[in-house]
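Please examine the sequence and the model below. The paragraphs that follow lead through a loop, the strands, the nonpolar cores and the charged pairs.

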Amino acid sequence: MKNSIGSNVTLTVFGESHGPLIGAVLDGLPAGFAIDMERLRRDMARRKAKGKISTQRHEADEVHIVSGFFEGRTTGTPLTLLIQNTAQRSADYASLKYRLRPSHADWSAFEKYHGFQDYRGGGHFSGRLTAVLVACGSICRQILTAKGVKIGAHLAQVHTVRDVPFCADACALDTQIEALDAREFPAIDEQAGLAMVARIEQAACAKDSVGGVVECAITHFPAGIGEPLFDSVESVLSHAMFSIPAIKGVEFGEGFGFAALTGSEANDALLVREGKIETKTNRNAGINGGITNAMPIVFRCVVKPTPSIFQKQQSVRFDSKEEVELEIQGRHDPCIAHRACIVIESMSAFALLDLWMSQAAKAPFEEVVR
C-alpha cells in the first residue's frame, strides 16, 4: 500500500513539499453526501501557520476537488483533491542535498531511494503533506458529524507547560470540544494557552524548538465497532496517528499509567444510566477487546520537537561520509504540536469512518453514513 491507508475507505497521498502541488485520492465514500466547503475551509485554516509560534511559510491552502464531486455532493467514485504549493523557497535547501539534518528523514531517505528523492523541504516526508490529510479528514469528519459523532483535540502539554485534561463527564466533554473548535489556540485553559505560546516564542528566540502532547477525544461513537486483534480500534487509530510526521508515541485512556495501578484501581465499574449500560470511569478509553463500548474514546499523542532548529549541529555528508558542522537556514516551526491538533482530529475521523464502514459491510445497517 505504501502511500495508501484504509480498508473500506482508502486514502492515497501524493506530492512533495517543494513540488507544484500536493494531493490525495479518497475512495470508498458514500454517494450523495453534501460536502460543506465552508467547514472544510475552516479546518484548513486551523492548520495554517500563525504568528511567531509557526513557520513563516504561508500557503493559501485552497482545496480543489477535481473528481468524485458533482453538484455539491459526492458521487461515490474516487474523490481527488489538489492543493497548490505557492510559497516555496527551494534555494534554502541548495546546500543540504548531501548534508544530513539530524533527526530528519534525510539519512533514511538516501538509503531507501538511493539519492533520487526530492530533498527540498523534506520532500514527501514533509509536514506540508498534512494539509491534504486535514482536507480529506474534514470530509470524513463531516460524515461522522451527520451521525452525531464529535471529535476534538487540545494541546495537553508544551515542553513543561500543561493544560487541564479533558473532562471525564461526557456532557462537559462535549462542551469542551465545541469550545475548542472555535478557539484560536487549542488549549482548554486560556491561561495555560498563553503560557504555552510564551514558551514556544522563548524557544524560537533561542533558535531552538519544543515538543508537546495532544489529547484527542471522540464522543457519541457507537458500540460494537472494531476487531479483537489486528484491526482493533487502538490498532487502526495508532496506524493513522503514526502516519503524521513527528508523532512518536500514542497511549489510550490511562495508557502507561496502568503500570502503577492495581486491577481494582484500573477496572472500569459498570452501571446502568437512563436504561443504558455505561462505565463509572473510562480508564480504557471507550475500548474493550479492541471494540468500542460507546464511552468516549480518549487518546494522547506525543509530538517531538521540530528537528529543524537554527543552532549549529554535528552532522555528516552522505556522499563523502565526512563529518561536518551544520547550520540550517529557511523557515521552520519552533513547535508543531499546536498545528498538529487539527491533523490528529482529521486522521481520527478518517480511521473511525473506515472502521464504521467496515462494520456496515458485515451487517444490514441502512443509511450508515448518509
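**A guided reading of the model**

Pro305 is partly exposed, with a relative accessible area of 41%; by the cut-offs used here, buried means under 20% relative accessible area, exposed over 50%, and partly exposed in between (1.4 Å probe, protein chains only). Accessible areas come from the Shrake-Rupley method with a 1.4 Å probe, and for residues only the protein chains shown count as cover. The structure is a predicted model, in which local features need pLDDT of at least 70 and side-chain atom pairs count only at pLDDT 80 or more, while totals for chains, interfaces and linings use all residues. Residues are numbered from 1 along each chain as its sequence is written, and side-chain values use heavy atoms, with hydrogens and water left out.

Pro305 sits in the loop between β16 (297–303) and β17 (313–316). Strands (E, at least two residues) and helices (H or I, at least four) are DSSP runs, numbered from the N terminus. Between the C-alpha atoms of Pro305 and Val316, which are 11 residues apart along the chain, the separation is 21 Å. When residues up to four places away in sequence are not counted, Pro305 touches Ser209, Val210 and Gly211, where contact means heavy atoms within 4.5 Å.

The strands may be taken next. Strands of a sheet pair through backbone hydrogen bonds, either parallel or antiparallel. Here, 5 strands form an open sheet in the order β1-β2-β3-β7-β4, with antiparallel pairing; two strands are said to pair if DSSP finds at least two bridges between them. At the edges are β1 (4–5) and β4 (63–67), each of which pairs on one side only. Strand β1 is joined by 2 bridges to strand β2 (residues 10–15), and the two run antiparallel; Ser4 stands opposite Thr12 in β2. Over 6 bridges, strand β3 (residues 21–27) pairs with strand β7 (residues 79–84) in the antiparallel sense, and Val25 has Thr80 in β7 as its bridge partner. Strand β7 also pairs with β4, again in the antiparallel sense, over 4 bridges, with His64 opposite Leu82 in β7.

A hairpin is formed by β12 and β13 with 2 residues between them, and Glu274 in the turn has a positive phi of about 55°. Strand β12 (residues 270–273) and β13 run antiparallel and are joined by 4 bridges. Val272 stands opposite Ile277, a residue of strand β13 (residues 276–279). Ile277 is exposed, at 66% relative accessible area. Together with Leu270 and Val272, Ile277 forms a nonpolar patch on the surface, with about 370 Å² of accessible area in total. Patches are made of residues with over 30% relative accessible area and no salt bridge, like charges being joined within 9 Å and nonpolar side chains (Val, Leu, Ile, Met, Phe, Trp, Tyr) within 5 Å.

In soluble globular proteins, nonpolar side chains tend to be buried together. The largest nonpolar core of this model has 78 residues, and those with the most contacts inside it are Leu11, Leu81, Phe299 and Ile344. Helix α8 (residues 337–360) supplies the largest share of this core, 15 residues. A nonpolar core is a set of buried Ala, Val, Leu, Ile, Met, Phe, Trp, Tyr and Cys residues joined through side-chain atoms within 4.5 Å. Beyond its neighbours within four places in sequence, Ile344 has contacts that include Val214, Met241, Phe299 and Cys301. Another core, of 7 residues, lies apart from the largest one, and among its members are Phe166, Leu180, Ala217 and Val298.

The model also holds 19 salt bridges, each a side-chain nitrogen of Lys or Arg within 4 Å of a carboxyl oxygen of Asp or Glu. In one of them, Asp181 pairs with Arg39, the closest N and O atoms being 2.8 Å apart. Asp181 lies in helix α4 (residues 170–181) and Arg39 in helix α1 (residues 37–47), so this pair ties together parts that are 142 residues apart in sequence. Arg39 counts as buried, at 16% relative accessibility. Another salt bridge joins Arg46 to Glu345, with 2.9 Å between the closest N and O atoms. This pair links distant parts of the chain, with Arg46 in helix α1 and Glu345 in helix α8, 299 residues apart. Glu345 counts as buried at 2% relative accessibility. Both pairs belong to a network of salt bridges that links Arg39, Arg42, Asp43, Arg46, Arg141, Asp181 and Glu345.
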